Amino acid sequence: MLPVSSPTGANGRPMKGSTSSSKQVWKFLRRLYMVKQMDFEFAAWQLLYLFIAPRKVYKNFHYSSQTKHQWARDDPAFLVLGGACVLVSSIIYTLVLHHSFSRFVL
């Protein structure tokens with residue numbers, strides 16, 4: 001089960017080492033521009049195995065969450081590949097149904 005809240009100290013403030021969610025989102029968005037730093041091979045493996053054997057992806061995710069103590073990937077390569085798959089499937093859908101470009105955008 002995912003944690004509901006971040007750990008807090010006796011004074012109600014977040015404990016040292018934890019960062020706010022806005023800082024984490026900003027850090028993630030900055031990494032979208034660092035293409036050389038992204039691990040596309042591992043992200044493609046995850047994307048493929050989500051269809052073939054989701055249990056393998058779950059076990060890998062569970063193992064990494066226990067060893068790294070984080071619940072999400074800090075690498076946006078999966079997001080980039082997922083977005084590319086959605087874009088390609090939308091283009092194919094538009095072409096097969098003979099829609100115009102305006103119908104593709106909307």
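**Helices of a predicted model**

Biologist: What pattern does the protein follow, read along the sequence?
Modeller: Along the sequence, the pattern is α-α-α-α-α. The protein has 5 helices and 0 strands. Please note that this is a predicted model.

Biologist: What is the average pLDDT of the protein?
Modeller: The average pLDDT is 78, and 76% of the residues score at least 70.

Biologist: Which helix has the lowest mean pLDDT, and which the highest?
Modeller: Helix H5, residues 101–105, has the lowest mean among the elements, at 75. The highest, 90, belongs to helix H2, residues 40–52.

Biologist: How do the axes of H2 and H3 cross?
Modeller: They cross at roughly 135 degrees and come within 6 Å. Angles over 145 degrees count as roughly antiparallel and those from 65 to 115 as roughly perpendicular, so H2 is oblique to H3.

Biologist: Which residues make that contact?
Modeller: H2 contributes Phe42, Trp45, Gln46, Tyr49, Leu50 and Ile52, while H3 contributes Pro54, Lys56, Val57 and Asn60. These residues divide into 7 nonpolar, 2 polar and 1 charged.

Biologist: Staying with H3, what span should the helix have?
Modeller: Its 15 residues, 54–68, should span 21 Å at 1.5 Å a residue. The end C-alpha atoms are 21 Å apart, so the model agrees with that expectation.

Biologist: And what happens just after H3?
Modeller: His69 follows, with a positive phi of about 55 degrees.

Biologist: A change of topic: how many of the residues are buried?
Modeller: Buried residues make up 9% of the 106 residues.

Biologist: What share of contacts join residues at least 24 apart?
Modeller: The share is 60%, among contacts between residues at least 6 apart in sequence.

Definitions and conventions: Residues are numbered from 1 along each chain as its sequence is written. This is a predicted model: local features need pLDDT of at least 70, side-chain atom pairs count only at pLDDT 80 or more; totals for chains, interfaces and linings use all residues. Side-chain values use heavy atoms; hydrogens and water are left out. Helices (H or I, at least four residues) and strands (E, at least two) are DSSP runs, numbered from the N terminus. The expected span of a helix is 1.5 Å times one less than its number of residues. pLDDT is the predictor's confidence in each residue, from 0 to 100. Axes are lines fitted to C-alpha atoms, for helices over the stretch in contact, and angles run from 0 to 180 degrees between N-to-C directions. Angles under 35 degrees count as roughly parallel, over 145 as roughly antiparallel, 65 to 115 as roughly perpendicular and the rest as oblique. Contact means heavy atoms within 4.5 Å. Ala, Val, Leu, Ile, Met, Phe, Trp, Tyr, Cys and Pro count as nonpolar, Asp, Glu, Lys and Arg as charged, and the others, Gly among them, as polar. Buried means under 20% relative accessible area, exposed over 50%, partly exposed in between (1.4 Å probe, protein chains only).
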